[in-house]
Amino acid sequence: MARAFLIVMDSVGCGGAPDAADFGDAGANTLGHIAQVCAAGGAEEGRSGPLRLPVLDGLGLGAAIRLASGLAAPGLGATPQGRWGAATEVSRGKDTPSGHWELAGVPVPWDWTLFPDTRPAFPPGLSAAIAAAAGTAGILGDCHASGTRIIEDLGAAHLRSGWPICYTSADSVVQIAAHEGAFGLDRLIALCETLAPRLHAMRVGRVIARPFTGTPGAFRRTANRRDFAMAVPGETLLDVAAGAGRMVHAVGKIGDIFSGRGVGRLWKGADDAALFEHLLALGETAEDGSLTFANFVEFDTLYGHRRDVAGYARALEWFDARAGVLLARLKPGDLAIFTADHGNDPTWKGTEHTRERVPVLCAGTGTGEIGLCAFADVGASVAAHLGLLIPGPGRSFL
């Protein structure tokens, strides 16, 4: 029985979203702009020269960028040997839950609650509720911020006061950072879990626990992040697969994004390298008829938000090499789809996600152009490959 591997390269967009201007992102193109900077010699830290992605480009990456945005990305001009296209999102967000839910067949039917880029960012009642749940006299932050920058700026004050560091972004999210030793990891996770129902009722998509360790000047976030996401408002690819008795493997933060629904086994790791080792093992051991759904987040968290073009390029080239190893482990009849959930153009203004189309690259189903499709078509196609049918607007392109 055929297996399916749905692999999300978090934030690896390819430009061209027809509504990008509505989000202030007209012209953003994560892959295209990285390729241009590399070709111009502007991304030489830890790598050199044009962007080299022979495996993904061989499946149709360069062609997908051209289709999505009209940009001919330097170094990505291979003749596609896979099935390829680009997907357009309809959900009114450029965030992780919106992208993943829609890829799994369920577009978001509402507008998310967003917090203003002001100080304070949160309503007074919410700030007071966070402090009360934490057992502190107040909170730190209460603003839009980069997660790494805010712990640098406020980590020392957090250690002195014991107050949690609370911040948000252009996404519908409340993130709470605290020191694992001084504040306590279990206490931080319990705090976020306690607050999640209140925030979900406000249509805030996620509450994220962001633990860190270290001392002033040397703080670092740990791998013990926990996401508390709203329940998906519909039946997803994972639900349908699990309901049909298929094993569903969730690699990375997929379990958190879908609130554990439809997940048979979770595979976590300290970083993307560890997660890819899990994916490679599943390429050999995943059950017949199973679904493996994986997210690789470091493109987004380590390089996109930090506007680090060279780091993003290094991560892409590393991933491409590992993707080649995975493809060599697939069995006849298996399907692997590489795609993304939104953009995060490291050449763009600010530090936020960017509204973009995403590549759709398929191995195991022959060659040919898919064309422009919908995010939901990805989930419908995976379901069709597994002999399943999911409700919703998606249509299989296989």
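Please bear in mind that the model before you is predicted.

The largest nonpolar core has 91 residues, and Phe319 and Phe338 are the ones with the most contacts inside it. Among the contributors, helix α12 gives the most to this core, namely nine residues. Apart from this core lies another, of 24 residues, which includes Ala121, Ala131, Ala134 and Leu188.

What surrounds Phe338? Leaving aside residues up to four places away in sequence, Phe338 touches Ile7, Met9, Leu56, Leu59, Phe319, Ala323, Leu326, Leu327, Pro359, Val360 and Leu361.

I turn next to helix α12 and its partner. Helix α12 spans residues 309–329 and packs with helix α10, residues 272–285. Their axes are 8 Å apart, at an angle of about 15 degrees. Angles under 35 degrees count as roughly parallel, and the two helices are therefore roughly parallel to each other. The crossing of α10 past α12 is right-handed. On the α10 side, the residues in contact include Phe276, Leu279 and Leu280; on the α12 side, they include Trp318, Phe319 and Arg322. By class, this contact of α10 with α12 comprises ten nonpolar, one polar and five charged residues.

Finally, I come to helix α3, residues 61–69. Which of its residues are buried? They are Leu61, Gly62, Ala63, Ala64, Ile65 and Ala68. The elements covering them include helices α1 (30–39) and α2 (54–59), together with strands β2 (83–88), β13 (358–363) and β14 (368–374). After α3 comes Gly70, with a positive phi near 80 degrees.

Methods
Residues are numbered from 1 along each chain as its sequence is written. This is a predicted model: local features need pLDDT of at least 70, side-chain atom pairs count only at pLDDT 80 or more; totals for chains, interfaces and linings use all residues. Side-chain values use heavy atoms; hydrogens and water are left out. Axes are lines fitted to C-alpha atoms, for helices over the stretch in contact, and angles run from 0 to 180 degrees between N-to-C directions. Helices (H or I, at least four residues) and strands (E, at least two) are DSSP runs, numbered from the N terminus. Angles under 35 degrees count as roughly parallel, over 145 as roughly antiparallel, 65 to 115 as roughly perpendicular and the rest as oblique. A crossing is left-handed if the near helix is turned anticlockwise from the far one by less than a right angle, and right-handed if clockwise. Contact means heavy atoms within 4.5 Å. Ala, Val, Leu, Ile, Met, Phe, Trp, Tyr, Cys and Pro count as nonpolar, Asp, Glu, Lys and Arg as charged, and the others, Gly among them, as polar. Buried means under 20% relative accessible area, exposed over 50%, partly exposed in between (1.4 Å probe, protein chains only). A nonpolar core is a set of buried Ala, Val, Leu, Ile, Met, Phe, Trp, Tyr and Cys residues joined through side-chain atoms within 4.5 Å.
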